[in-house]
Amino acid sequence: QLLEAQLEVDVIMTRDRDIFVPLRDRAALANRENADLFLSIHANAAPNNFSKGIETYSLASATDAHAARVAARENAMAKGWSDKSDPVLGRLLAAGTDRLSRELAFEVQRSVVDGLREVYPDADIVDLGTKTALFYVLVSTRMPAILFEASFVSNSDDESRLRAPHFQQTTAKAIVDAVDRWLSRQSED
């Protein structure tokens with residue numbers, strides 16, 4: 001709603017209720033609709049209860065072992081797909097959307113972390129930074145695309161903030177502001 005109201009853009013949601021939509025269907029929808037941008041927004045999880053923070057991914061080989069594990073966990077839902085066998089990957093990496101996606105990831109990460117730290121100065125808002133990984137939805141889309149991890153549901157502090165409407169609204173507003181700045185730069189270029 002904020003994207004539509006503030007930026008006057010058409011937003012296509014992959015779902016309008018709490019159902020699972022296969023990863024290939026999410027990417028296919030964006031491609032079929034010729035989307036200008038793909039935002040995949042998630043709540044992160046870890047096998048422990050101490051991992052916490054906010055991170056934003058764009059397409060490229062995994063930045064580190066953690067990024068590779070997060071992508072592998074998410075990609076497990078795309079049955080039969082492997083980042084080592086998908087011919088689309090090479091074309092996408094060469095197409096130039098990787099640079100635009102990295103720029104968008106940086107803008108979103110900075111905007112959300114700064115916005116949350118301003119509103120929650122006493123909270124431990126952990127900036128895990130921007131990373132790269134071969135997430136199926138990033139590999140399979142033909143437009144600049146990012147995967148945003150809002151915080152960890154497996155960490156009690158992060159999880160309680162994630163449930164708070166004010167945290168959700170602050171995060172959403174920061175994402176919209178970041179997209180607005182990024183789109184403005186694209187129209188200048």
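Modeller: Read along the sequence, the chain runs α-α-β-β-α-α-α-β-α-β-α-α. This is a predicted model. The chain has eight helices and four strands.

Colleague: What share of the chain is buried, and what does buried stand for here?

Modeller: Of the 189 residues in the protein chain, 44% are buried. The word applies to a relative accessible area under 20%.

Colleague: How do you know how far apart in sequence the contacting residues are?

Modeller: Among contacts between residues at least 6 apart in sequence, 82% join residues at least 24 apart. A contact here needs heavy atoms within 4.5 Å.

Colleague: Take A27. Why is A27 called buried?

Modeller: A27 has a relative accessible area of 2%. The cut-off is under 20%, so A27 counts as buried. A27 is found in helix α2, where the buried residues are L23, R26, A27, L29, A30 and N31.

Colleague: What does A27 touch, leaving out residues up to four places away in sequence?

Modeller: With those left out, A27 touches S140 and T141. A27 and S140 are 113 residues apart in sequence, yet their C-alpha atoms are 5.8 Å apart in space.

Colleague: What comes after α2, and what marks that residue?

Modeller: α2 is followed by N34, which has a positive phi, near 55°. N34 is a residue other than glycine, and its place is in the loop between α2 and β1.

Colleague: Why is N34 called exposed?

Modeller: The relative accessible area of N34 is 61%.

Colleague: Which residue in the loop between α1 and α2 deserves a mention?

Modeller: E8 has its place in that loop. Phi of E8 is near 55°, again a positive value in a residue other than glycine. With a relative accessible area of 72%, against a cut-off of over 50%, E8 is therefore exposed.

Colleague: Turn to α7 and α8. Why are these two helices called roughly perpendicular?

Modeller: Helix α7 covers residues 156-163 and helix α8 covers residues 165-188. They pack at an angle of about 80°, with their axes 5 Å apart. Angles of 65 to 115 degrees count as roughly perpendicular, and α7 and α8 are therefore given that label.

Colleague: Which residues make the contact between α7 and α8?

Modeller: On α7 they are R161, L162 and R163, and on α8 they are P165, F167 and Q168. By class, this contact has three nonpolar, one polar and two charged residues.

Colleague: R161 is a charged residue. Is R161 buried or exposed?

Modeller: R161 has a relative accessible area of 13%, and the limit for buried is under 20%, so R161 is buried. R161 lies in helix α7. Leaving aside neighbours within four places in sequence, R161 is in contact with K52, A123, D124, I125 and F167.

Colleague: Now the empty space. How do you find where it is left?

Modeller: A probe the size of a water molecule is rolled over the atoms, and this shows where empty space is left.

Colleague: How many cavities of 30 Å³ or more does the count give?

Modeller: The count comes to one cavity of 30 Å³ or more. About 40 Å³ of space lies in the largest cavity.

Colleague: What makes up the lining of the largest cavity?

Modeller: The lining consists of L59, T97, D98, S101, L138, T141, M143 and A145. They divide into four nonpolar, three polar and one charged. Helix α5, residues 97-119, gives the most to this lining, with three residues.

Colleague: Which element gives the most to the lining of the largest pocket?

Modeller: α8 does, with nine residues. Elements that each supply at least two residues include α1, α2, β1, α3 and β4. By class, the lining of the largest pocket has 28 nonpolar, nine polar and eight charged residues.

Key
Residues numbered from 1 in each chain as written. Predicted model: local features only at pLDDT ≥ 70, side-chain atom pairs only at ≥ 80, totals over all residues. Heavy atoms only, no water. Axes fitted to C-alpha atoms, helices over the stretch in contact; angles between N-to-C directions. Parallel < 35°, antiparallel > 145°, perpendicular 65-115°, else oblique. 1 Å grid on protein atoms, 1.4 Å probe; cavity = no way out; pocket = protein on both sides within 12 Å on 5 of 7 lines; lining within 4 Å. Points joined across faces, edges and corners; volume = space filled by probe spheres on them. Buried < 20%, exposed > 50% of the residue type's maximum accessible area, 1.4 Å probe, protein only.
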